[in-house]
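Thanks for making the time this morning. I would like to walk you through one model, beginning with a single residue and then moving on to the contact between two chains.

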Amino acid sequence: MHIPDGFLDPKIWVGASALSAGALAAAVSNTRKVLEDRQVPALGVMAAFIFAAQMINFPVAGGTSGHLLGGALAAILLGPWSAGLILTTVLVIQMLFFYDGGLTALGANVLNMAVIAPWVAYGAYRLVGGLFKGNAGRTVATFLAAWLSVMAAALACSLEIAFSGTVPLAVVLPAMLGWHALIGIGEGLITVVVVSFVSRLWGLEQTGQKSYAGGAQ
Amino acid sequence: MVKARPWRQRPARKGRGVTSWSFSVNFCARYGNSMKWHKGWKGSADVSQVVDHFLQPGGHSGSFMHRLDPRVKVVAVVGFVVLSTMLTSRTGLALAAGFLLVLTAAARLHLRQLAGRLLWLLPFAGVMILLFPFIIPGEPFWRWEWGILTLTATREGWQHALMLSLRVFTAVLAVNFLMATTGLRRVLEALSFFRVPAVFIQLIEFTIRYIYVVGDELRRMNTARAARGFVPGRHLFHRHTFRTLGQTIAVLFIRSWERGERIYHAMLARGYSGENRKRALPPPGGWDLAWGAFILSVAIGLRLFELGGLIWLLSLK
C-alpha cells in the first residue's frame with residue numbers, strides 16, 4: 001500500500017502532507033502530556049517491533065500471502081496517538097532505507113497508514129467494544145477494528161491515486177478494496193490473537209491502561 | 001486427554017509451500033533481493049546489511065559528494081525529487097535519471113550494489129507495463145477478441161506505465177544518492193536543523209538501533225517454530241496458522257515491551273534525561289551552496305525545458 005514517488009499529483013501530496021503534519025503535531029503534543037520525553041527509547045523499541053511484525057507473512061489464498069500492517073494493533077495496545085508516532089517512524093525508515101513508499105508520497109503514506117488506519121481502528125474498537133460487553137464483544141471489536149483500518153487505508157490510498165489521475169478510479173478502487181478485504185481478514189485474525197493474548201497476560205480490564213501515551217484512556 | 005491435532009500428523013509439505021514461495025502479490029519482492037528476511041520465515045536477516053549500508057556513508061567516503069553539507073544535500077535532493085516527479089516527458093525523466101547516475105558515479109558509490117538494489121524495480125515496472133495498456137483509455141494498438149470478451153491495449157497505457165516507472169527510478173536514485181553519501185546520522189542532523197521535532201529524530205535513532213535486536217528475536221522464534229514442525233496453511237481460514245502466527249507476534253510484543261522498559265530503566269540509571277545533545281552544524285560553505293544550487297538548477301532546467309518544449313511544439317501547430 002506504500003505509494004511510490006510520481007504516482008501522486010502535487011496538489012494531492014501537498015494536501016496529504018499538510019494533513020499528516022497537523023495530525024502528527026497533535027500527536028506530539030498529546031503524547032508529551034502523558035508521556036515524558038524520556039520514554040522515547042521504549043517507543044523506539046515498539047516501532048522496531050511493528051517493523052518486525054510487518055515482516056511476518058500470512059497465507060491468503062492460492063499460494064499468495066499478505067502481511068500485517070499493524071495500525072490496529074498499535075492503536076489498540078498503545079493508543080492512537082503513540083500509534084501514529086510509531087507508524088510514522090516505521091514509514092520514514094522504510095522510505096529512507098528500502099525505498100518503500102516515495103519521498104514526496106511520504107505525507108500521503110503517513111496519512112493512510114499512520115493516521116487514518118489507527119484512528120479508524122481505535123474508533124471502531126471503542127464503538128463496537130462499547131456495544132458488546134465481555135470477551136466475545138472484545139474479540140468482535142478487535143477484528144472489526146483491524147479489518148476496517150486496513151480497508152480505510154486502502155480506500156484513502158486508492159482515492160489519492162485516482163484523484164491524481166494516475167489510474168482510473170473504476171480500476172484502482174475495486175482492485176485495492178477487493179484485495180485488502182482479504183488482507184484485512186488476516187490482519188483481523190492476527191490482531192485478535194495478539195490483543196487477547198496480551199490483555200490476558202497483562203490482566204487488563206481495559207486495554208490501553210499500560211499505554212505509553214495514555215491515548216486509550 | 002489431549003485431543004489429536006490434525007496438524008501434528010500432517011507430513012511436512014515438500015516444495016513450494018507458502019513459506020518457500022517468496023513471491024507475495026501485494027508487495028512483490030517488497031524489499032528486493034537485499035532483504036531476504038521478509039520472504040518467509042527461513043530467510044536470513046539481510047535487513048541488517050541494508051541498514052548497515054546506510055548508517056555509515058557508503059562508497060569511498062573521500063569523495064567531495066560525501067563532504068557536502070548534509071542540509072544542502074537534503075534540500076537539493078528533496079527539491080530534485082519534487083521537480084523531477086512532476087516531469088511528464090520520457091526525455092526529461094531519462095535526463096533526470098542520467099544526471100543522478102552521473103552524480104552517483106561522481107560520488108564513487110558502489111554501482112554494483114546500487115544495481116542490486118534497483119532490481120526490485122524491474123518486476124514492479126514490468127507489471128505496470130503489462131497491466132496499464134488495458135486499464136488506461138486511449139488509442140488502441142492491439143485488440144484481442146474471444147467471443148464476447150474483448151481486450152484492448154492502448155498506446156497511452158504503456159506510455160503512462162513507462163513514465164511512472166521512470167519517475168520511480170529517478171526518485172529511488174535520488175534517495176539512494178542522499179542516503180549513501182550522507183549516512184543516517186548526518187541526515188538526521190540536517191532534519192533536526194530544519195525543525196523536525198526532536199521526538200521524531202530520537203525515535204528514528206532508537207528504532208534503527210532496536211530493529212536488529214527485535215529482528216534477531218523474531219528470527220530465533222521463527223527457527224524455533226520451524227523446529228517444532230510448524231507448517232503454515234495455505235489460506236486465510238487455516239485456524240492453526242493464524243493462532244500460531246498471532247502468538248508469535250504477541251510474544252514478540254511482550255518481549256519488546258519488556259525490553260523497552262528494561263532499556264528505559266537502564267538508561268535512566270545511567271543518567272538519561274531525555275535531552276539530546278544537539279551538535280550545531282557549521283554554516284554551509286560557498287562550495288556546498290553552489291553544488292546544491294547546481295543540483296536544483298538541473299531539475300528546474302529540465303522542468304522549464306519540458307514546459308518550453310511544449311510551448312515550442314504548440315507554436316509550430
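Ser158(A) sits in helix 6 of chain A, which covers residues 134-163, and since this is a predicted model, please take each value I quote as computed from it. Is Ser158(A) buried or exposed? With a relative accessible area of 0%, Ser158(A) is buried, because the cut-off for that word is under 20%. A polar atom of its side chain lies 2.5 Å from the backbone oxygen of Ala154(A). If we leave aside residues up to four places away in sequence, Ser158(A) touches Leu169(A), Val172(A), Leu173(A) and Met176(A).

Let me turn to the interface, where 82 residues of chain B are in contact with 78 residues of chain A. Between them the two chains bury about 7,200 Å², and 79% of that area is on carbon and sulfur atoms. Leu236(B), Phe253(B) and Trp257(B) supply 11% of the area that chain B buries against chain A, which is more than any other three residues.

How many salt bridges does the rule find across this interface? The number is 0, while the residue pairs in polar contact between chain B and chain A, both at pLDDT 80 or more, come to 4. Several helices of chain B give two or more residues to the side that touches chain A, among them helix 8 (155-182) and helix 10 (198-227), but helix 11 of chain B gives the most, with 21 residues. Sorted by type, the residues on that side of chain B divide into 57 nonpolar, 19 polar and 6 charged.

Notes: Residues are numbered from 1 along each chain as its sequence is written. Chains are lettered from A and ligands numbered from 1 in the order in which they are written. This is a predicted model: local features need pLDDT of at least 70, side-chain atom pairs count only at pLDDT 80 or more; totals for chains, interfaces and linings use all residues. Side-chain values use heavy atoms; hydrogens and water are left out. Contact means heavy atoms within 4.5 Å. Buried area is the accessible area (1.4 Å probe) that two parts lose on being put together, summed over both. A salt bridge is a side-chain nitrogen of Lys or Arg within 4 Å of a carboxyl oxygen of Asp or Glu. A polar contact is a pair of N or O atoms within 3.5 Å; within protein, one must be able to donate a hydrogen and the other to accept it, and residues adjacent in sequence count only if both atoms are side-chain atoms. Helices (H or I, at least four residues) and strands (E, at least two) are DSSP runs, numbered from the N terminus. Ala, Val, Leu, Ile, Met, Phe, Trp, Tyr, Cys and Pro count as nonpolar, Asp, Glu, Lys and Arg as charged, and the others, Gly among them, as polar. Buried means under 20% relative accessible area, exposed over 50%, partly exposed in between (1.4 Å probe, protein chains only).
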